[in-house]
Amino acid sequence: MKHRFLTTTLFLFFIAFANAQTIKGQVIDEKGSSIIYATVALHNAKDSSIIKGESTDENGFFKLKADKEDKYFVKATMLGYSDRSSDVFEIAANDLDLGKIILANNSELIEGVEIVDKLPLMEQMADKLIVNVEGNVTNTSGSLLDVMKKVPGMLVINDRLSMVGSGSPTILLNGKSTQYMDVQSLLRDMPGDNIKKVEIIHQPGAEYEAAGSGPIINIILKKNSLFGTNGSITAGVGKGKLWDYTTGLNLSHYEGNFNISGGLGYTRNAWWEQLYITRRVGGIGNQIDGVYDQVSEDAARPITYRGNLRADWDMTDKHRLGFETKYYNNTNNYVATNFTDVDITDVMFDDYQLNTNNFKERGWTYNSINPYYIFEIDTSGQKLELDVSRARYQVESMSTLVTTNNLDPLESQQRYIQPGDTKIFAASVDYTKPISQGLEFKVGAKYSMADLDNNLRSEFLFDDQWVNNVDQSNHYLFNEEIYAGYGKVSWKKGVWSGTAGLRYEKSESVGESLTLDSILTRPIEKLFPSFSLSRDITDGLKASVAYSYRIDRPRYSTLNPFVFYLDPFTYEQGNQSLRPELTHSAKFTLSLEGQPFFNVEYKRSTDAIVEVTEQDQNSQEARKTDINFDEQNQLSITMLFPLDFIPGLSGYGGTVVTRNEFNSFYSDAQFDRSKWNTTAFLQAEFKLPWEINAEIGGWYTSSNQEGIFNSEWLFGTSFGMSKKFLDKKLKVSLGVEDFARRFWHANVDYQQDMDLISNWQTPVVNARVSYKFGNQHLKSKKKGKTSASEEIRRATQN
């Protein structure tokens with residue numbers, strides 16, 4: 001069926017190329033010099049309506065396509081010159097060369113013209129919030145992670161993302177999944193200057209996969225629009241408890257109809273984390289059998305090499321072919337330490353201490369290739385898109401635990417060896433058809449397949465020989481196929497606008513343990529509706545409502561039933577019986593002049609996936625795993641305000657009030673907990689002397705209910721500066737993260753008695769230098785917008 005799907009799609013896309021006639025010419029000034037990037041528009045001679053437009057190339061030449069025989073004229077415009085129109089001509093069967101179009105200089109046209117190219121920081125749409133990063137964010141240390149800190153309501157805690165009141169987001173890069181990538185390395189390594197905008201989609205439409213329960217964060221990268229050869233080189237260094245380094249080179253070449261870009265990078269990341277756990281293991285009544293004080297410390301400096309290549313070829317005005325490929329290679333060898341102090345209540349037993357060194361050797365590679373094809377059927381926006389992607393993620397991991405006991409001179413040793421291989425294939429087709437002005441229809445289909453092979457070998461040392469631990473070793477295979485199709489309509493009429501969509505997904509997953517000779521099959525077939533509705537209440541005030549229904553399938557790693565011991569009393573374990581989480585989400589938003597200032601969101605999830613700790617009263621062991629809670633409800637109210645009314649400041653502030661509620665029959669009892677949480681945040685940008693850009697930010701969140709964990713209040717801060725030199729080609733940035741902060745504190749009091757404190761390296765000082773070289777002149781691509789784009793759009797819509 002997969003091959004039939006692809007064959008049919010390719011047939012539809014490549015059936016024919018339009019037999020359009022070409023109109024060409026050259027735009028020059030009165031001295032005979034070429035005028036580059038002038039706008040040339042093709043008009044219908046009958047009513048002067050604009051048919052299409054293009055920009056001249058580096059030599060002043062242009063090419064336009066006429067789809068049918070008719071009478072036309074061409075008009076050339078450029079700032080600083082008087083407009084010039086050609087004589088009326090008629091297109092028949094042959095191409096037409098208009099020769100040279102001479103524009104007269106008119107310097108008066110420039111006087112009094114103010115160039116405004118800065119978009120507002122935030123734009124509220126009916127179904128998403130757009131944060132326009134380009135030209136708005138200082139990007140103090142210059143990474144994608146720093147950009148994410150500017151997204152309203154986004155908390156970055158120990159390099160991990162969380163959206164206040166909405167949970168963990170799903171990260172997309174140019175609309176593509178990052179599920180199998182090292183997202184933390186991606187966030188830290190990608191230069192912030194590469195980012196055009198960030199879309200926060202709380203109620204995703206039918207065109208998006210129904211996966212996830214939190215918002216979708218779609219990071220839109222800049223496309224190369226600089227003519228000729230250009231590039232940038234970046235180097236950075238950071239210091240917390242450990243040093244980290246990064247460097248990268250990006251190159252682009254754009255000439256004619258061909259655009260190619262690529263990059264290479266090296267990163268020596270660093271993280272340090274310390275976890276304190278105090279567990280009180282009890283017996284009967286209030287009697288305490290013992291207290292287990294555990295301190296774990298991880299200090300790692302992984303090395304990552306990365307490379308990417310992207311190429312676009314405009315075969316004709318209507319047909320574009322391209323591909324993108326990525327490669328990552330990561331090695332991470334370090335020693336994690338654990339100290340456990342056991343205080344036994346019963347005087348018949350001695351207290352004792354354990355020291356465990358966990359020698360970890362881990363490496364992974366990720367490679368992908370993504371060919372795509374775009375057929376722009378006409379100038380109204382009708383188009384077909386085909387996208388195919390193959391990816392592979394391979395892991396080699398070995399952990400060796402060496403434990404000593406102060407009461408026993410002998411060492412206890414065990415190790416885990418886990419090679420893993422994940423193969424991914426996906427293919428999608430999307431068709432967009434504007435029906436009339438204010439009405440657009442979109443349909444699409446997608447097929448995806450994931451195939452995993454993980455073979456865990458657990459061994460213990462006996463008589464200087466490694467012996468297989470048959471109770472823990474497991475060879476596990478997992479395969480999942482998903483078939484999806486959708487339809488979506490977008491409309492606008494007067495003060496009303498909206499979208500409505502329906503997505504169908506059918507999936508079948510098969511988990512097989514070769515070791516245990518067991519198979520678990522889970523078929524899922526569902527419809528996922530979504531809609532949004534907006535109304536302009538006054539000239540600048542708009543109200544919107546949106547709804548979506550989504551499914552959060554368990555991560556492949558959580559379905560793997562393997563057991564990993566971190567120390568003799570603590571381990572992690574997957575859950576093969578974990579079910580997908582289903583979420584209904586609705587949101588009401590008020591925006592003023594396109595800026596959001598108030599919203600209310602409600603989410604109701606069944607089979608909510610939550611992380612828990614469970615304690616064995618007999619063995620005194622504790623494990624971390626994921627389980628399903630029957631129900632989770634979230635209500636959040638958000639208020640945002642801009643800082644632009646304060647002279648010399650820009651940015652925003654806000655407050656989010658959230659109620660988080662969990663209801664489930666769990667561990668032979670009813671778990672019913674809820675709590676209100678308040679989060680406040682502020683992000684301000686300002687100018688210092690000597691043209692230094694600066695920004696300062698901070699956030700605070702009160703205590704919260706996170707599943708069975710009762711977390712306490714915490715806060716974080718950041719400050720940074722940046723300055724450009726050498727005609728703005730050289731940028732130097734300096735920033736400090738968490739110069740004031742409070743770490744994560746929590747406790748568990750449901751059928752356990754446990755306190756937890758998590759620390760990470762703070763403060764962290766970052767410095768980054770980037771330099772742009774090569775041609776910095778813009779060139780508009782066929783797919784990009786010319787200065788007449790809006791007129792062309794209005795003229796070609798019915």
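The areas themselves come from the Shrake-Rupley method. This is a predicted model, where local features need pLDDT of at least 70 and side-chain atom pairs count only at pLDDT 80 or more, while totals for chains, interfaces and linings use all residues. Numbering starts from 1 along each chain as its sequence is written, and side-chain values use heavy atoms, with hydrogens and water left out.

**Stop 1: a nonpolar patch**

Select Ile435, Leu439, Phe441, Trp491, Val495, Trp496, Phe531, Leu533, Val545 and Phe588, and you have a nonpolar surface patch of about 770 Å². Strand E27 (439-462) and strand E31 (518-536) are the elements that give two or more residues to this patch. Strand labels follow DSSP runs (E, at least two residues), numbered from the N terminus. To belong to a patch, a residue needs over 30% relative accessible area and no salt bridge; nonpolar side chains (Val, Leu, Ile, Met, Phe, Trp, Tyr) are joined within 5 Å, like charges within 9 Å. A salt bridge here is a side-chain nitrogen of Lys or Arg within 4 Å of a carboxyl oxygen of Asp or Glu.

Now click on Leu533, which sits in strand E31. Leu533 counts as partly exposed because its relative accessible area is 31%.

**Stop 2: a negative patch**

Next, pick Asp293, Asp343, Asp350 and Asp351: together they form a negative surface patch. Asp and Glu count as negative, Lys and Arg as positive, and His and the chain ends are not counted. Asp343 belongs to strand E23 (residues 319-344), and its relative accessibility is 37%, so it is partly exposed.

**Stop 3**

Colour strand E32 (residues 541-552) and strand E35 (residues 581-592), which pair antiparallel over twelve bridges. Pairing takes at least two bridges found by DSSP between the strands. Look for Asp552 with Glu581 of E35 opposite. How many residues lie between E35 and E36 in their hairpin? Two, and Glu593 in the turn has a positive phi of about 50°.

**Stop 4: a six-stranded open sheet**

Show the strands in the order E9-E10-E15-E16-E13-E14 for an open sheet with mixed pairing. At its edges are strand E9 (122-124) and strand E14 (176-177), each pairing on one side only. E9 runs antiparallel to strand E10 (residues 129-132), joined by three bridges; zoom in on Met122 and its bridge partner Val131 in E10.

**Stop 5**

Most residues other than glycine have a negative phi, and most peptide bonds are trans. With that in mind, go to Ser667, whose phi is near 55°. Ser667 is in the loop between strand E38 (649-666) and strand E39 (669-688), and is partly exposed at 36%.

Is Trp690 buried or exposed? Exposed, because its relative accessibility is 69%.

Finish at the peptide bond from Thr762 to Pro763, which is cis with omega near -15°. Pro763 lies in the loop between strand E46 (754-760) and strand E47 (764-774).

Conventions. Helix = DSSP H or I, 4+ residues; strand = E, 2+ residues; numbered from the N terminus. Areas by Shrake-Rupley, 256 points an atom, 1.4 Å probe, with all protein chains shown as cover. Charge placed at Lys NZ, Arg CZ, Asp CG, Glu CD. Buried < 20%, exposed > 50% of the residue type's maximum accessible area, 1.4 Å probe, protein only.
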